[in-house]
Amino acid sequence: MSRAIRIVLSVALGCCGFAINAAAETHAVVVGIDNYTSIKHLNGARNDANDIVAALKKGG
């Protein structure tokens with residue numbers, strides 16, 4: 001696993017702990033990266049991230 005992916009996962013998992021303790025507000029970090037320097041480029045990760053954001057907003 002590349003260093004960049006490990007960093008993104010660490011930040012995302014770290015934010016989960018903060019969200020559990022938040023009573024009044026909930027925040028999310030949604031990342032959709034299509035272009036990587038060390039692995040094959042993805043198609044649609046950015047669009048998937050936008051879909052997740054829309055679903056989270058709809059869900060409240």
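## The loop between the helices

In this predicted model, Ala-28 lies in the loop that runs between helix H1 (3-21) and H2. Ala-28 counts as exposed because its relative accessibility is 54%, and the cut-off for that class is over 50%. Although Ala-28 and Leu-56 stand 28 residues apart along the chain, their C-alpha atoms are separated by 8.6 Å.

## Helix H2 and Val-53

Helix H2 covers residues 45-59, and Val-53 has its place there. With a relative accessibility of 30%, Val-53 counts as partly exposed, since that class takes in values between the limit for buried residues, under 20%, and the limit for exposed residues, over 50%. The C-alpha atom of Val-53 is separated by 9.7 Å from that of Val-31, a residue that is 22 positions away along the chain.

## The chain as a whole

The protein chain contains 2 helices and 0 strands, and of its 60 residues, 5% are buried. The chain exposes about 5,300 Å², and carbon and sulfur atoms supply 58% of that area.

Methods
Residues numbered from 1 in each chain as written. Predicted model: local features only at pLDDT ≥ 70, side-chain atom pairs only at ≥ 80, totals over all residues. Heavy atoms only, no water. Helix = DSSP H or I, 4+ residues; strand = E, 2+ residues; numbered from the N terminus. Buried < 20%, exposed > 50% of the residue type's maximum accessible area, 1.4 Å probe, protein only. Areas by Shrake-Rupley, 256 points an atom, 1.4 Å probe, with all protein chains shown as cover.
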